[in-house]
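Subject: Structure for you, with notes

Hello,

Here is the structure I promised to pass on. Please open it alongside this message.

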Amino acid sequence: MKLTPRLSLAAVAALAASLAAPALAQKEIVVWHAYRAEEKAALEKVVAAYNQANAAKGIKVTTLAVPYDAFADKITAAVPRGKGPDVFIYAQDRLGGWIEAGNTVEPIDFFLDKATKDRFIPTTMEAMTYRGTVWGLPLDYKVITMIYNKKLVPVPPKTSKELVAVARKLTDKKAGRFGLAYSYSDYYYHAALQNGFGGRVFDPGPKPVLNAPENVKAMELLMRWLDTDGILPAEPSTALITSLFNDGRAAIVFSGPWFLGEIAKGIDYALAPLPTLDEAGGKPMRPWMTVEGVFVTAQSKNKDAAYDFAKVLTDTPAARVMALEGRQTPANKAVYDDPAVAKDPILSAFRKQVEVAIPMPNLPEMTMVWSPATTAMNTIVKKSATPKAALDAAEKAVLRDVAGLRKR
Amino acid sequence: MRSRAGEDEFPHLPLHLVLVLATLVAVYPVLWVFTIALSGQQSLAIADLPSDPTVWDRLRAIVPWPKTVTLSNFTSVVTDQPFAQWMLNSAIVAILTTIVGVFLACTAAYAFARFRFPGRQAGMMSFLVSQMFPGTLMLIPLYIILVKWLNLGSSRIGLILVYATTAIPFCVWMLKGYFDTIPKELEEAAVIDGATPSTIFWRIVLPLAKPAVAVTALFSFMTGWNEFIIAATVMDKETMYTAPVGLRFFVGGFSQQWGYFAAGAIIVSIPVVALFLFLQKYLVSGLTAGSVKG
Amino acid sequence: MSARAGDAPERPPSHRLRFAVGLLVASALAVGVGYRLLDGALAQGARSAEDRRANVAIRALAEVVDRAGVTGDAVRAAVAAWAKDHPQQAAIKVVAFDGLSLEASTDPADTGDEAAPRRLRREEKDLYDRGQRLRAAVETNRAEGASRKDEVERARLADGSLSIAAPLEKDGAVVGLVQVQRRPPPPVKPPSWLTALSYVAVPVAVFLLAGLVVGERRAVLGVLAVVLLAGTVWGYGAQSAAKLERGRRAVEEGIAGIVRDEGAKASAILASLSLPAEPPLDPARWDADAFRRPYGVVRSDGSVDEAKVAASAARDRTAVRNALLLVGGVSLAVLLFVGLGGASAFVRTVRTNRVAYTYVLPAMAGMVVLVFFPFLYGIAISFTDSTIYNTNAPLTDIWVGFKNYVSILSDFHVATRDADGTLVFNYLNFYWTLWVTVAWTVTNVTIGVTVGLFLALVLNTKGLALKPVYRVLLILPWAMPNYITALIWKGMFHQQFGVVNQVIQIFGGSPVSWFETPFTSFLTALATNGWLSFPFMMVVSLGALQSIPSDLYEAARVDGASRWQQFTGITLPSLKPALVPAIILSVVWTFNMFNIIYLVTQGEPGGSTEILITQAYKFAFEKYRYGYAAAYSTVIFGILVVYGTFQNRVTRATEGI
């Protein structure tokens, strides 16, 4: 009949397929990430090299780029249903939430040997740890530092007094020129100041302490910069900061590696560590760092192989590619000894800054902090309330939300 | 008859004034999008004013005009990523959404407009009600249904189904309202001539309802064209992404490359404008007037 | 439409037949559901009994291993002694975290080269992770002063056996775990289906016999059927309840015995290995929940606390009664529906209107699957205390009834008086947000409709030049992705660099700090959304305007009607059928317009410009309280349904003209 030739053809094809792949049971490791442009290219290069090296083992890594704005939702929807990847790369801020929800991230304590643990900057490892268990390998960190326009600021200020002095000279508020510009009303950016004073969001427990006396002091210093010294622009959205810097109207900016991709071509800039705070006894400003981790998913069918890939991806050779070609700042320590990396002014500037950085909390309770903290920041900078009163109100709101979540 | 229209018309000059004003308001923010896209930079353009700005300075500052004009943002958007593929995916999804959505809505709306049957009111209300439940918590149940139960993960069919069901309620109500205005006498005459219900529907009612079909088609298309989160969640292959998903790579998280995003947004709006240009003639063709009474 | 003509003349319906079928279906439904529930309850009872027995055993074992010091030969000796005493345990494993070591194992696979002590193998990762989970649970519960995470983990394996694990502690810190895999318990005997069947067959038979006597008297037949159904439901329910209570008592007695037994065995092992016997063992505390909180049913002396047993039996009875009421109600409805002719009427209706239903069905089907299903899920969640901590718990375990709704709707602290007498609004209060949402919706839709309709009317002027150009330019706000245009709008309202303030200054005004007060902040979002939404209304109006025959206007003009009279007398009424649905839907969409608020004002200042949907979002994704957020969403839904029904009643939009 007519069907026969087709049928036999299919049979032959099936047979051929079964013959072609006898020894090699292909193991596919799917990796989701939120990278684009050079970061993506660098990752794909590392993956290609890995695939080549492991072709004999029948392991093949494939990658999928997912837009950052959809990433967390996609993980939350797909992974617990067994539809997600084997490995994904994401910052630590959602880690606690995923762990509490369960079925999403695989603990890797068991796999983790001392040599692997020791190859990372210790604080980045801290960011991967939740309730005493390690859940991922740190790939890179992102941290804010001082970025300045070399034409306007020949020598970067080292202390807050110097900073204010330089900034005051360069500020002409009416003309829209500012010595210093950063998203100070964004709690994430403000944290550098707060941590510099020894402030914090959580005490162990975790118990929120938004209104800790150190936090209030940091807020008061910010108000001095904004009000008395008048060196900062109003309503500082990140978009505005970029525009000001690109127009040469902001001399110094506090921002992170992402900012460098937004700087216009004509601007001659350099990086320096955030200044020390004379008001806090010369202690450095300590920005929060976000650490992108490589996580093995709980539903992966090849956890061993997935962990092996994560290990390779965070090892020095891969870190070198990610640093030099992907323009990432790796969490791997050894890569900064590489001559090409060491002489890169940007990478070494971030490396220097991260020494004093503090991992942003990875607790699920952290998401409850943003909104009240933002409200507090806005009321303070608009002078609708004193720092103490606004932070007290924020603390109250966070306490109520935490209690609302924990009650049984 | 048409010649009479002129004598009692409103003078055109004030109408033009109104329209020019409205157009300016409508276009002004869009011009800023163009300014950003053409600037070659990634930051938003902001007013550049001297210390003591004159009125003239301020006027200059509010005119959206890039300091330098370059197409680099556009070329980067198109070449860095498989943007053409994503546009094509979007086109396939949006066009099929339109076809499925409008077709199903037409039949349903026709039944609601012309038949009297138990459950008619409830049926219409249920279409309305379907728009009322806030979508914030719906992503995961939708994911479970689409990907786990219907096994439509990473497929265009899944997206089309979701978008079509999103668009249908408005389409049904709009078309039903329009069908109601088409006089029944026409159909009754056709019944006497021995036409079947489907002939009546396809040959008489639908052509008369072209303006409403055009509106619903545009709406359905937009529903499928601009959706981001479901497409990004359901699709597991980069080659299957739609244009809005691709656009979002430029912004999100810390990175805010608005120059690329603006350029991409302009490219993404072009097909919508083109579709509107195509549909315009149906939107403004007062078909009913002649055929009904004639 | 004319399908009636060919129908065969209808026979008069037989009430006897209808009620008999109704009774059969209803009682089969009731008993069927009852059987499933009873079966489930028995199995559940057996499972929880096995859980408790296992729990007592593992707590005893953990106590012994703790006292043996968690690591070392003493542990292996203790485990060996314990395994001899407990033939029902298939495999016991003790793991110490330090050095990933398997300290003791009675698993037959762990002999020879694999014998304990040894380092854990890679395949044994799950065992180690389980231990770490328990450690984290104990630490979390201590830190939070709550009982949130399981300190004893149970897992059912494929063969029905139970694998249970408990933490091992040294000086207050969790340093390892002990895991026991038990042999599968004997299967539970399912309830007799013969009994169940008789509960269906007997009433139906009685009804049929009685029917011979009663004849076609509908009222009597109806009452009889209802009585028989009630008897069935009550009878089967009572029988089930009794069975459950007997089971409950047997379990409690059994547990008490096991507690005494385990206590004795543990003491014996401690004594024989000369392990510390102080502080004295308290076996009664071993009968505990997963958080290691004792149930208290077994007293320290090993006797059963009768009051506690009675209380839990009472809970069982309440559950049975609730199930009875529900099942009874549903089956009664089925009986009446079939018996009173509803079913046949239903079939007839479907048949008569099959053309209409076929036309509607495809659209409806997609709607049911992709929209209403998620809905039901959302509504179900809204009655629970679902949070990120319990996403995997069955809904029944976290059911809280109307608690979320009460907490949302009963909070009337909208405003308080400050010390100096000024009114301070609580912006996070539901009613404040509701008020903002209503204001937001009304203003937006008003702007959208008036501007859109006005422009459509202007664009509909005959002979006006450049119309196509205007039209295309005017839909640009709709065509452009609003993610970027919203941001542009936000930028336009910047205090120093925004063009709005520049324009104000050109006209000599002083710049406004738009996001500082609720009202101005609200205006920025309103401007943005008004700009975004008028093109849609314009297009809808343009389409609708085409349905108006131009001769209507001509006739009006001949009658000398003014332009305004033409507008109110002809244009508006003719636009109504198409415009009203668009308005209703606009209201719904604007009410739930998440993006614009989120992108433009972000609720500032102080959450005063949040609308309900952004609040619901915050509860779900910032505060991780899914149940509360679902209740919030359901309230929004309820408000909109009320609005929709009301609007529909007023405008009769579902009606034809």
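Predicted model: local features only at pLDDT ≥ 70, side-chain atom pairs only at ≥ 80, totals over all residues.

**A strand in chain A**

Start with strand β3, residues 87–91 of chain A. Five of its five residues are buried, so the strand is largely enclosed by the rest of the structure. The cut-off for buried is under 20% relative accessible area. In a regular strand, side chains alternate between the two faces of the sheet. Here, Val87(A), Ile89(A) and Ala91(A) point one way from β3(A). Phe88(A) and Tyr90(A) point the other way. Both sets are buried.

Which strands pair with β3(A)? One is β1(A), residues 27–33, in the parallel sense over two bridges. There, Val31(A) stands opposite Val87(A). Another is β15(A), residues 288–296, in the antiparallel sense over five bridges. On that side, Ala91(A) stands opposite Glu292(A).

**Where chain B meets chain C**

Next, the interface. Chain B gives 110 residues to the contact and chain C gives 105. The two chains bury about 9700 Å² between them. Of that area, 78% is on carbon and sulfur atoms. In chain B, the residues that lose the most area to chain C are Leu19(B), Met132(B) and Phe133(B). Together they make up 7% of what that side buries.

How many salt bridges are there between chain B and chain C? The count is zero. Polar contacts do turn up: twelve residue pairs across the interface, both residues at pLDDT 80 or more.

Helix α1(B), residues 12–39, supplies the largest share of the chain B side, with 17 residues. By class, that side has 78 nonpolar, 20 polar and twelve charged residues.

**A covered helix in chain C**

Last, look at helix α19(C), residues 612–621. The helix is mostly covered, with eight of its ten residues buried. The buried ones are Leu612(C), Ile613(C), Thr614(C), Gln615(C), Ala616(C), Lys618(C), Phe619(C) and Ala620(C). Note that Lys618(C) is in that list.

What covers the buried residues of α19(C)? The cover includes a helix from chain A, α16(A), residues 367–381. From chain C, it includes α10(C) (430–459), α17(C) (563–591), α18(C) (594–600) and α20(C) (626–651).

Best wishes

Technical notes
Residues numbered from 1 in each chain as written. Chains lettered and ligands numbered in written order. Heavy atoms only, no water. Buried < 20%, exposed > 50% of the residue type's maximum accessible area, 1.4 Å probe, protein only. Helix = DSSP H or I, 4+ residues; strand = E, 2+ residues; numbered from the N terminus. Pairing = 2+ DSSP bridges. Contact = heavy atoms within 4.5 Å. Buried area = accessible area lost by both parts, 1.4 Å probe. Salt bridge = Lys/Arg side-chain N within 4 Å of Asp/Glu carboxyl O. Polar contact = N/O pair within 3.5 Å; in protein donor to acceptor, adjacent residues only side chain to side chain. Nonpolar A, V, L, I, M, F, W, Y, C, P; charged D, E, K, R; others polar.
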